[in-house]
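Let's take a friendly look at the salt bridges in this protein. The sequence and structure come first, and the report follows.

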Amino acid sequence: MKTRLAFTLALAVIAATPLLARERQPGDYAPRNSLAYVRIENLGAALTKMAGDDFEVPLARWLATAPEEDYKKRGGLVFAEFMRFARHARKTEIGVADVMVRAPHAQLVIIIDLADNAPKEFSKDFVEFAAKMGDKSKATPTNVTSDMFCLSLFPGMMAVTTTPALMQHVNDVREGRVDESLSETKRFQGWSKSAKGELVMFADMRAFRSALDRLGRDAASKPLEVLEALEWHRWDYLSIYGEFPGRTDSQVHLSAQMILTEPWGSLGFMMKPAGSFSLHRRLPREIVMMAMAQLGNDHKKTLIDTLSFFHDQELGRVARECEGEIERCKRRIDEIDKSIAGLKDDAKDEREKLETEKKAMQAQLDAAQKRLEDSKSRPFEPSKESRLAAGITDISGSERTMDGLLESLKGMELDLDQVLAPLGGELAVGNIMLPGASLGGMDSNYCMFAAVQTRTDVTDLKDKILAFIQKMEQQGRSPDHIQRQWWVTRHVQGGDILCMRGGWQSQCVFIGDGILGFAGCEDVAVRVLAASAGNGALPHARIPNAEHPGSKVFYMDLMEVLALSQEGRRSWDNQPLRVPGFQLNVRKLLRSGLRLTVSTDEQTQSLGLHGTLSGDLNLRTLLDEIASEAEFDRARRHDDAVLSEMRRACDAWLQAVRPKLSQLKPDELKKALAEVTLESLEKDGHLKPYDGLRSAFDPLLADRFQAMLAKRGGELGPRADARPEDASLAECGYAWFGVPPDISTKDIEPPPEEPPAGRSIGIGGGGRGGRGIQYDVWMVCAQHGSWARKGRLALLHADGGYQTAYLTDDQFNALRLANGRGERLVEVPTPADPPSPEWRQRIEVCQQLYGVCEVADRILELKKNGDIKSYSEAAFRGADYGEKADAELQARLKTTAREGGFGSVDAEAIEIIPSDDGFRIRFTKDGLWVEIASDNTLKTSWDE
């Protein structure tokens with residue numbers, strides 16, 4: 001008996017030995033065929049490193065701003081529960097098991113190692129919340145199962161999965177069964193041995209391809225088209241390594257390596273020899289973002305390869321369209337055959353109709369099949385003559401581009417080799433933000449540039465191009481019109497600018513010593529040429545990891561981009577009579593700047609990406625700003641509720657006294673209206689003071705506002721030493737100015753269906769950029785102080801109704817002054833738009849040259865036809881006619897709007913100045929002017 005027991009114990013020990021000896025390996029909890037695996041070495045330490053030891057504080061402030069109901073129903077409770085465990089989180093592994101069309105669209109497993117002092121159970125509030133998430137939801141202090149996820153607490157570990165099957169896999173691994181784990185595959189094991197970093201990621205491209213194939217082209221057609229263009233059938237796996245930034249650490253590094261199963265194919269046109277860049281040293285410091293690329297040495301081959309790539313992509317799209325058309329035609333032919341088979345013998349007309357449709361569908365099918373075969377077999381052919389000899393007439397966009405380029409060069413008496421020979425090996429494309437420019441819209445077009453190195457002098461090339469342009473301008477022009485030669489060369493520091501005379505079109509070409517390029521406007525070209533000559537160039541040290549070699553580099557001054565985006569939004573967020581939007585001062589927040597560089601490193605069977613982020617990375621400051629914004633929004637919502645209660649009370653009062661007011665004499669009515677106060681509204685039962693009509697913005701109530709947030713309440717609460725009866729209006733945060741004294745004429749009778757001429761009903765809206773005109777406004781009440789971003793919330797009355805609004809100090813003072821005289825304010829002042837920068841003003845003025853030239857041609861036509869005897873008859877000064885200037889100009893030049901008036905130019909800004917033998921036409925705006933004379937002389941105020 002003892003022998004049998006000993007033998008049994010020995011077998012048990014031997015069987016258990018592998019499980020006891022084997023430590024947990026990376027990838028154990030990810031299923032074998034996982035698409036991706038991510039590991040964060042120490043999540044809690046990473047959060048502390050990026051946001052400080054007390055990183056929970058701003059997050060707790062943010063959570064406290066959510067009302068209790070929202071907190072429980074909209075995920076606030078889930079986030080708060082996560083924060084209970086975040087500080088204790090250690091190694092964290094994430095596995096993407098699969099992607100699906102149906103929910104859950106991504107199958108995830110998340111494993112978080114927890115410190116010994118981590119909570120052992122979920123909070124009671126979270127368990128109660130989780131149990132009510134769905135009909136199938138179940139929750140205990142250590143396990144939660146729902147339709148959306150499964151969550152389990154184990155000793156020293158938390159597991160989160162999106163399906164019960166994945167949680168079963170977690171349990172299997174905990175019991176020692178790892179046969180179906182990613183850690184058991186050789187490819188992952190090979191990667192894992194060298195995977196070092198605070199953040200690492202392994203993405204199996206083969207698994208991704210299989211997953212998207214299972215989804216089908218209907219579910220992922222667009223992503224599949226992009227991936228196919230990037231030759232993803234050659235991808236093996238993607239490896240990513242990264243280091244987290246600290247609160248004082250100035251750089252973040254992220255590296256990615258795409259390993260291929262075979263060398264690049266047609267996409268190889270993008271892969272050029274790697275080497276250091278030098279062109280950026282000759283570009284201006286005002287650059288906010290740019291992309292640089294090495295062009296290699298054989299530019300003609302690069303051009304052909306590039307056009308060939310896009311040719312193949314276009315034919316690939318055509319092939320997919322043909323395949324879809326073939327499928328539709330075959331399906332319809334089958335349907336027709338079935339319909340014919342089901343017809344009776346006497347249905348001759350219907351049979352003929354179906355037979356005709358079948359023939360048409362068959363012809364369409366044959367054409368689609370032929371087009372499919374042609375698109376699959378035809379390579380890019382750059383020679384037009386070769387295509388014609390081969391009988392190819394259906395050409396691609398790339399071939400059309402090549403034909404147009406060669407045709408233009410022929411007209412310039414140039415060939416492709418002559419044009420490409422001077423070009424160097426580097427290209428840069430980017431944006432230079434001019435003073436006052438915003439990110440987006442036309443400003444981005446004006447501020448763009450493209451520059452390439454040059455190996456030899458391009459003066460002869462420039463002269464031939466200029467001569468060709470001037471020749472083209474003269475072709476087809478009537479001798480009776482001004483013979484304009486617009487393109488000119490202007491010399492500036494560092495080189496020449498080939499531009500439109502006077503800048504009437506903003507785009508231009510710039511040519512310097514060793515640099516050639518295109519700019520969105522002359523101001524950008526001037527800066528590029530000055531920098532290329534050594535004046536104001538981008539400091540090399542401002543580009544993080546600038547020495548890293550690569551064939552392509554992307555650089556962004558992230559601080560400037562964020563700041564410009566914020567400033568661009570501000571003009572839309574800060575509308576009249578509305579609370580200003582988020583006032584995040586990016587330049588103040590990121591005092592030392594924030595810049596990003598991403599470079600590539602292409603090898604025969606791999607593609608490397610290296611990213612470096614350098615500058616101020618104080619995440620805690622950003623979290624504090626976001627928390628402050630959330631508290632501001634909570635205070636605004638509180639005060640909106642207060643004002644809504646006042647608005648409701650005023651409406652209720654008017655409804656109750658409407659019959660009585662209509663019977664009062666003027667003096668009696670004035671007295672009755674003056675006696676309406678907050679106290680009288682409360683006494684009559686119309687006003688039920690919300691929170692005592694306090695303001696959450698009042699600095700004296702800051703402590704009680706924080707207390708309200710802490711308990712997620714909706715009221716500030718009374719003073720600690722106050723009696724209950726003092727809580728109503730004892731600390732009212734609003735000054736009461738009274739109901740309008742002319743309310744009898746506005747509100748006793750229903751308001752008119754249409755507003756009076758020139759008036760607008762309501763407050764806000766309309767006008768350019770939403771800046772509407774506010775008419776006949778009376779201020780009923782407003783906050784005591786300018787507590788809300790240098791302004792105050794108020795209840796206004798306009799056009800027969802009440803509306804809450806936000807007033808700046810100027811608006812408040814103007815309303816107070818007018819209402820103090822017993823008058824409504826006819827128009828509420830609105831902040832003026834900032835003046836346009838001079839460079840944009842010049843562009844806007846020059847854009848009027850189109851219309852000015854139309855006027856000049858019309859004067860010449862009138863003189864030729866004898867409709868005017870001298871140019872003095874065309875004398876005109878639009879400013880003398882104001883809004884009637886358009887009609888007067890048309891009458892002066894004997895035309896009408898129907899016949900083609902001069903709608904493209906502002907006639908009020910035009911002056912026609914005649915002389916004995918000619919005339920001058922000047923357009924003036926904002927102190928700038930542009931002038932054209934009948935002898936083709938063009939002048940501008942900034943060239944004088």
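Predicted model: local features only at pLDDT ≥ 70, side-chain atom pairs only at ≥ 80, totals over all residues.

## A bridge between helix α9 and strand β2

R214 and D98 form a salt bridge, with 2.7 Å between the closest N and O atoms. R214 sits in helix α9 (residues 205-215) and D98 in strand β2 (residues 89-99), so this pair ties together parts that are 116 residues apart in sequence.

## A network around R61 and D624

Salt bridges with shared partners join D54, R61, R620, D624 and E631 into one network. One of its links is the bridge between the side chains of R61 and D624, at 3.8 Å from N to O. Here, too, distant parts of the chain are linked: R61 belongs to helix α3 (residues 56-64) and D624 to helix α21 (residues 619-661), 563 residues apart.

How accessible is R61? R61 is partly exposed, with a relative accessible area of 24%. D624 is also partly exposed, with a value of 24%.

## A pair at R39 and E41

The side chains of R39 and E41 meet in another salt bridge, 2.7 Å from N to O. R39 is buried, with 6% relative accessible area, while E41 counts as partly exposed at 34%.

## The overall count

Technical notes
Residues numbered from 1 in each chain as written. Heavy atoms only, no water. Salt bridge = Lys/Arg side-chain N within 4 Å of Asp/Glu carboxyl O. Buried < 20%, exposed > 50% of the residue type's maximum accessible area, 1.4 Å probe, protein only. Helix = DSSP H or I, 4+ residues; strand = E, 2+ residues; numbered from the N terminus.
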